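The sequence and structure come first, followed by notes grouped by topic.

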Amino acid sequence: MTFDHMTSAGYLVHHMARLFFEGLRKRIEPLGIVPGQFPALLALWQQDGQTQSELVEKLDVEQATMANTLNRMERDGLIIRCKHPEDGRAKIIYLTPKAKAIRDDAYTAATEVNDHALADFSNEERSQFIEFMQRTIMTLRK
């Protein structure tokens with residue numbers, strides 16, 4: 001049996017993800033954030049004041065991974081954790097003014113990476129590509 005990694009969806013997605021990651025890293029590093037923090041920031045920019053459990057569910061990551069990410073974000077002055085009004089074990093995570101201030105620049109950076117990566121695609125191809133990725137993600141979640 002032979003295996004051609006250049007026709008393997010899994011290999012190509014992984015390779016592409018590393019390239020997206022590196023492109024994003026270069027653009028957001030001057031903002032004081034790293035790509036690993038970006039999904040949590042996106043979720044909190046969309047809806048500030050979420051629990052760690054809510055972020056884990058929305059971002060489809062392990063609890064330990066999220067805990068480490070949030071610890072670093074707190075250390076970096078991007079979030080604060082406040083007591084949950086109803087659950088003594090939970091904390092609600094809020095963005096700091098620092099994190100709120102970099103939102104538009106971070107969105108611009110992500111848009112630039114996406115635009116660069118898809119520059120050779122027509123608008124229709126971009127839409128199809130996004131749809132195919134979304135469908136693949138939904139299938140893999142089953």
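**Second largest pocket**

Thirteen residues, given here as 13, line the second largest pocket, and L19, F20, V113, H116 and A117 lie nearest its centre. The model is predicted.

- The space in the second largest pocket comes to about 240 Å³.
- Helices α1 and α6 each contribute at least two residues to the lining of the second largest pocket.
- Of the helices, α1 gives the most to this lining, with six residues.
- Sorted by class, the lining of the second largest pocket holds eight nonpolar, two polar and three charged residues.

**Contact of α1 with α6**

- The axes of α1 and α6 cross at roughly 140° and come within 9 Å.
- The crossing in which α1 passes α6 is right-handed.
- On the α1 side the contact is made by F20, G23, L24, R27 and I28, and on the α6 side by A109, A110, E112, V113, N114 and A117.
- By class, the residues of the contact of α1 with α6 are seven nonpolar, two polar and two charged.
- F20, V113 and A117 belong to this contact, and F20, V113 and A117 are also among the residues nearest the centre of the second largest pocket.

**Largest pocket**

- The largest pocket contains about 1,600 Å³ of space.
- Its lining is made up of 34 residues, of which V13, A17, F20, M133 and I137 are the closest to the centre.
- Five helices, namely α1 (9-28), α2 (38-46), α4, α6 (103-117) and α7 (123-141), each supply at least two residues of the lining of the largest pocket.
- The largest share of that lining comes from α7, which provides nine residues.
- In terms of class, the lining of the largest pocket has 25 nonpolar, seven polar and two charged residues.
- F20 is listed among the residues closest to the centre of the largest pocket, and F20 is likewise listed among those nearest the centre of the second largest pocket.

**Contact of α3 with α4**

- Helix α3 spans residues 52-59 and helix α4 spans residues 63-75; the two pack at an angle of about 115°, and their axes are 10 Å apart.
- The crossing of α3 past α4 is right-handed.
- From α3, residues Q52, S53, L55, V56 and L59 meet Q63, M66, A67 and L70 of α4.
- Six nonpolar and three polar residues make up the contact of α3 with α4, with no charged residues.
- Besides this contact, α4 has a part in the lining of the largest pocket, to which α4 supplies at least two residues.

**Chain layout and annotation**

- The protein chain has seven helices and three strands.
- Their order along the sequence is α-α-β-α-α-β-β-α-α-α.
- The C-alpha trace of the protein chain spans about 55 × 35 × 25 Å along its principal axes.
- An unreviewed UniProt entry carries the annotation "domain: HTH marR-type" for residues 6-138.
- Residues 6-138 are 65% helix and 9% strand, and the end C-alpha atoms of this span lie 23 Å apart.

Terms used:
Residues are numbered from 1 along each chain as its sequence is written. This is a predicted model: local features need pLDDT of at least 70, side-chain atom pairs count only at pLDDT 80 or more; totals for chains, interfaces and linings use all residues. Side-chain values use heavy atoms; hydrogens and water are left out. Axes are lines fitted to C-alpha atoms, for helices over the stretch in contact, and angles run from 0 to 180 degrees between N-to-C directions. Helices (H or I, at least four residues) and strands (E, at least two) are DSSP runs, numbered from the N terminus. A crossing is left-handed if the near helix is turned anticlockwise from the far one by less than a right angle, and right-handed if clockwise. Contact means heavy atoms within 4.5 Å. Ala, Val, Leu, Ile, Met, Phe, Trp, Tyr, Cys and Pro count as nonpolar, Asp, Glu, Lys and Arg as charged, and the others, Gly among them, as polar. On a 1 Å grid over the protein atoms alone, a cavity is a set of points where a 1.4 Å probe fits but cannot get out, and a pocket is an open set with protein on both sides within 12 Å along at least five of seven lines; lining residues have an atom within 4 Å of a point. Grid points are joined across faces, edges and corners, and a volume is the space filled by probe spheres set on the points. UniProt positions are given in the numbering used here, feature names are shortened, and annotations may be inferred rather than shown by experiment.
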